[in-house]
Amino acid sequence: MSTEIAPETGSAEQAPGGAPVREPQAAAVASGRGERPDDGSFDVTLRIRRYLPEKDATAYWEEFTVRANRTDRLLDALHTVKWEIDGSLTFRRSCAHGICGSDAMRINGRNRLACKALLKDLDPAKPITVEPIKGLPVVKDLVVDMEPFFASYREVMPFLITGGNTPSAERRQSPEDRARYDDTTKCILCAACTSSCPVFWNDGQYFGPAAIVNAHRFIFDSRDEGGAQRLEILNDKEGVWRCRTIFNCTEACPRGIEVTKAIQEVKRAMITRAF
Amino acid sequence: MPEAPAGTLYRGREGMWSWLAHRVTGFAIFFFLLVHVLDTALVRVSPEAYNAVIGTYKNPVMGLGEAGLVAAVVYHAFNGIRITLIDFWSKGTRYQRVMLWIVIGLFVVTMAGFLPRHLGNVFGGH
Ligand code: SF4
Ligand code: FES
C-alpha cells in the first residue's frame, strides 16, 4: 500500500486562521493559544481512493485532514482538499445542490451525493472513506466513465412517443394519470442506483435500475404511446428480469425514488400485457 | 484496471444480505441434491454400496451437515415466499424489510422446534 503523507494531520496546534474555517467573524476569541472558539467546527479525515493514471497504474488510498463546520457537506471538505491542499484531486460536481447528479460517489461504503451528505451525519470522528462508484471504469480519482450508463438510458427511449397529429394546445392529463408515474420523474441520472447494484457490477450489460426508472416514467404516462416498444426492449436477457430485488438501488437513490418498486411495476406490466 | 489495494465492501442493507443468503443457501441445496441424486442412483448399481454410503450418514458430522441443510432449506423456503410477495404484491417492495424480519422469526421458530429433536437423534443414540 502506498501511503502518501497527508499534508495536514489536523493537530490541535494548527492555527485556526490557517485552516479552512468559515465561521462568522463575531466568533468568540479563543481564551488561550492552541484553543479554538467553540464554533462547532471540527477536524475530519477523508480517506480517498485515488487513481492518477498518468502517475501510477494502480489505485491507492490517501488521507487528508481538514477543518469543517457543522453545516458542511462532504463536497465542502473535498473542495477544501482540492483548493487548499492538493489540486490534483479530481471529482465531478456542478450544481452542488443535489440536482445535477454529477457527484455520486461511494461514501463510507454507500452511494451518496457528496453535496447532500452532511459531514456531521457521517460520523466524522472516524475517517470517512470516499471511493468512486462501482461497476463503471474509473477515469481518474472519483471520476468514472458514465458512457455505459448513458448508453443504457438512451436505449429505453426516454422521450415522449406519440402518433397522429400534434394537438394545437397542450396534451392534457388528469392529476390521477400524472400521479401514476410521479415518483420516476424525479430522477437526476446520478447513477447512484445502477452502481450500487451487485447484478450490474457482475454484468455491465444489464440495463440497470436508472434506465428502468426512466422507462417507467414513460411506460406509465397516459400520453405516451411507446410503452409496448419499451417493454419489448426491457424484456431482454439483460433487461428487467435480471433484477433480483436486492434493494441497494432504492436505498442509494438521493431523490428517494422507490426504484425497486418501479422495476417491479415494469415486470408486472410485462406479465399482464403478455396474457 | 487498478489492482491493489482493494476497495471497501459495499455496505448494502437487509435486502442485499438476504439476497446473498438466498444465493448461498440455494447453491448449498443444489449441491446436496446433486450428491443425493448420485447416492440414490447407487442403489441400482449395487445395494451393498448404497447401504455403505447411507450408513455414513449416521456419523455425527453428517448429522450436523443435515442440520445445516435443513436450516438452508427453511431459510430458502421462507425467503422465497418473501421474494414472491415482492414480485406479485403491489405493496411488497415497501414491506420487504418487515417481511425479512418475519422470515427470520419463522426461521428461528422452525429451527427451535427441529434442532433439539434432530440433535437428540444424532448424538443420543436412537
Ligand atoms: S433513480 Fe435515483 S439513484 Fe438512480 S439515477 Fe435516478 S436519481 Fe440517481
Ligand atoms: S453537485 Fe449537482 S447533484 Fe451534487
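1. A:Glu63 and A:Arg47 form a salt bridge, with 3.8 Å between the closest N and O atoms. A salt bridge here is a side-chain nitrogen of Lys or Arg within 4 Å of a carboxyl oxygen of Asp or Glu. The pair links distant parts of the chain, 16 residues apart: A:Glu63 is in strand 2 (residues 60-68) of chain A and A:Arg47 in strand 1 (residues 42-50) of chain A. Helices (H or I, at least four residues) and strands (E, at least two) are DSSP runs, numbered from the N terminus. A:Glu63 is partly exposed at 32% relative accessibility, and A:Arg47 is partly exposed at 21%. Buried means under 20% relative accessible area, exposed over 50%, and partly exposed in between, with a 1.4 Å probe and protein chains only.

2. The model is predicted: local features need pLDDT of at least 70, side-chain atom pairs count only at pLDDT 80 or more, and totals for chains, interfaces and linings use all residues. Residues are numbered from 1 along each chain as its sequence is written, chains are lettered from A and ligands numbered from 1 in the order in which they are written, and side-chain values use heavy atoms, with hydrogens and water left out.

3. A second salt bridge joins A:Arg112 and A:Glu251, at 2.8 Å from N to O. A:Arg112 lies in strand 4 (residues 110-113) of chain A and A:Glu251 in helix 7 (residues 248-252) of chain A, so the pair ties together parts that are 139 residues apart in sequence. A:Arg112 is partly exposed, with a relative accessible area of 25%, whereas A:Glu251 is buried at 18%.

4. The side chains of A:Glu238 and A:Lys237 also meet in a salt bridge, at 3.4 Å from N to O. A:Glu238 is buried, with a relative accessible area of 13%, while A:Lys237 is exposed at 65%.

5. A:Arg50, A:Glu62, A:Asp86 and A:Asp141 are linked in a network of salt bridges. Over all chains, the structure holds 25 salt bridges.

6. A:Thr260 lies in helix 8 (residues 259-274) of chain A. A:Thr260 counts as buried, at 1% relative accessibility. Leaving out residues up to four places away in sequence, A:Thr260 touches A:Thr245, A:Phe247, A:Cys249, A:Thr250 and B:Thr93. Contact means heavy atoms within 4.5 Å.

7. Chain B has 4 helices and 0 strands, and its elements run α-α-α-α from the N terminus on. The radius of gyration of chain B is 19 Å, well over the 14 Å that the globule rule gives for 126 residues, so chain B is more spread out than a compact globule. That radius is taken over C-alpha atoms, and the globule rule is 2.2 Å times the number of residues to the power 0.38. Along the principal axes, the C-alpha atoms of chain B fill a box of roughly 55 × 45 × 30 Å.

8. Buried residues make up 26% of the 126 residues in chain B. Among contacts in chain B between residues at least 6 apart in sequence, 65% join residues at least 24 apart. The accessible surface of chain B comes to about 8,200 Å², and 73% of it belongs to carbon and sulfur atoms. Accessible areas come from the Shrake-Rupley method with a 1.4 Å probe; for residues, only the protein chains shown count as cover.
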